[in-house]
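Work through the exercises below with the sequence and the structure at hand. Each task is followed by a solution in steps.

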Amino acid sequence: MSDLATALVFWPAVAIMLVTGVYVFRTASMARAGLLLLASLGIEGLVFLALASEFLGVLQLLMMSGEMVIMVFFMVMFMPDPGGLMGMDMTHDKRRSASLAVAVGIGLAVVAVLTDWPARVVGRDAPDVRAIGFEVMGRSMLTFLFAAMTILFAMVGGVLLAKHGGRFAQIGAAGKGEA
Amino acid sequence: MISLPVVLVAAGLMFAIGLYGVLGQTNTIMVMMGVELMLGAAMLNVVGFLRYSWPDATSGAFFVLILMTLMAVEAAVGFALVISAFRHSRTAEIDDMHELKG
């Protein structure tokens, strides 16, 4: 991808990613918030593509579309007002949170601009997906297996935590009984 | 022109937006969304470093894969905790979960 094409993809994508990220917490509708988060993280995949990481960009789009759709389902299940029609306010410490977030954002931006980062652009092309495949089957196999095992343990742990009448539900029932 | 600091500034702003969500929202799922944005910012950082500092390092892509795994794990365990808490106290609001005892 040429520098001009990269810039034409990168700047609008970053702008939309940040604006949709802000609107996740500005909308009153939970379903809309989930879809905005999907847009923000999905467009981040486009930013990855602009940064010559085709494999990671496509993976990000696939992962986030699946994950955020599940998140929207959970929101609709657990929100008292998923459509945002009752005008509920679901924020607290708005001013302090915003001040701290702005301070952190400015701090990170200043550090990013003022630090002398190592720059060593070798080529414009993306790393060969084939090379990534060989990397998976080679010395990074252990890392990949570790990620797979982590997901497996999270699935088992998640089911155990959410199970009706599980360990924590019993503690809750006992607490209610004492009261 | 796009350079490493530009990418890092974008990632920093995204992290700040996520932080605002984590600190300012009262609903557990909205807080999880903030965490997702913060992890997304971390991924953007790694991809920026991969592009502008070590473009020939294929193993660097695995840092991003680990972060994606972390996002999936955070969502799975987070939703399980929300279900457990909702079953117990009939709410997913963080302000109502101020006690660790039952």
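The exercises that follow concern a predicted model.

**Exercise 1. The interface**

Solution. 
- Step 1. Count the residues: 82 residues of chain A and 70 residues of chain B take part in the contact.
- Step 2. Take the area. The two chains bury about 6,700 Å² between them, and carbon and sulfur atoms carry 78% of it.
- Step 3. Look for the leading contributors on chain B. B:Tyr20, B:Arg51 and B:Phe62 supply 10% of the area that chain B buries against chain A, more than any other three residues.
- Step 4. Assign the chain B side to helices. Helix H1 (4-24), helix H2 (28-52) and helix H3 (61-89) of chain B each give at least two residues to the side that touches chain A. The largest share, 21 residues, comes from H3(B).
- Step 5. Sort this side of chain B by class: 49 residues are nonpolar, 15 are polar and six are charged.

**Exercise 2. Polar pairs and salt bridges between the chains**

State how many residue pairs in polar contact and how many salt bridges are found between chain B and chain A.

Solution. 
- Step 1. Five residue pairs are in polar contact across the interface, counting pairs with both residues at pLDDT 80 or more.
- Step 2. The count of salt bridges between chain B and chain A is zero.

**Exercise 3. Two residues of chain B**

Solution. 
- Step 3. For a distance within the chain, take B:Phe79 and B:Glu36: they are 43 residues apart in sequence, and their C-alpha atoms are separated by 13 Å.

**Exercise 4. Helix H2 of chain A and what comes after**

Compare the span of helix H2 of chain A with the expected value, then describe A:Leu49 and A:Ala52.

Solution. 
- Step 1. Helix H2 (residues 30-50) of chain A has 21 residues. From first C-alpha to last the helix reaches 30 Å, close to the 30 Å expected at 1.5 Å a residue.
- Step 2. A:Leu49 is in this helix and is partly exposed, at 21% relative accessibility.
- Step 3. A:Leu49 touches A:Met1, A:Glu54, A:Gly57 and A:Val58, not counting residues up to four places away. The C-alpha atoms of A:Leu49 and A:Phe10, 39 residues apart along the chain, are separated by 8.7 Å.
- Step 4. Just after H2(A), A:Ala52 has a positive phi of about 60°. A:Ala52 sits in the loop between H2 and helix H3 (54-78) of chain A and is buried, with a relative accessible area of 10%.

**Exercise 5. The salt bridges**

How many salt bridges does the structure hold over all chains, and how accessible are the residues that form them?

Solution. 
- Step 1. Over all chains the structure holds two salt bridges. Side chains of opposite charge can pair when their charged atoms come close.
- Step 2. A:Arg96 pairs with A:Asp93, with the closest N and O atoms 3.3 Å apart. A:Arg96 is exposed at 63% relative accessibility, whereas A:Asp93 is partly exposed at 42%.
- Step 3. A:Asp93 also has a positive phi, near 50°, and lies in the loop between H3 and helix H4 (94-114) of chain A.
- Step 4. A:Glu135 pairs with A:Arg139, with the closest N and O atoms 3.1 Å apart. A:Glu135 is buried at 9% relative accessibility, whereas A:Arg139 is exposed at 69%.

Conventions:
Residues numbered from 1 in each chain as written. Chains lettered and ligands numbered in written order. Heavy atoms only, no water. Contact = heavy atoms within 4.5 Å. Buried area = accessible area lost by both parts, 1.4 Å probe. Salt bridge = Lys/Arg side-chain N within 4 Å of Asp/Glu carboxyl O. Polar contact = N/O pair within 3.5 Å; in protein donor to acceptor, adjacent residues only side chain to side chain. Helix = DSSP H or I, 4+ residues; strand = E, 2+ residues; numbered from the N terminus. Nonpolar A, V, L, I, M, F, W, Y, C, P; charged D, E, K, R; others polar. Expected span 1.5 Å × (residues − 1). Buried < 20%, exposed > 50% of the residue type's maximum accessible area, 1.4 Å probe, protein only.
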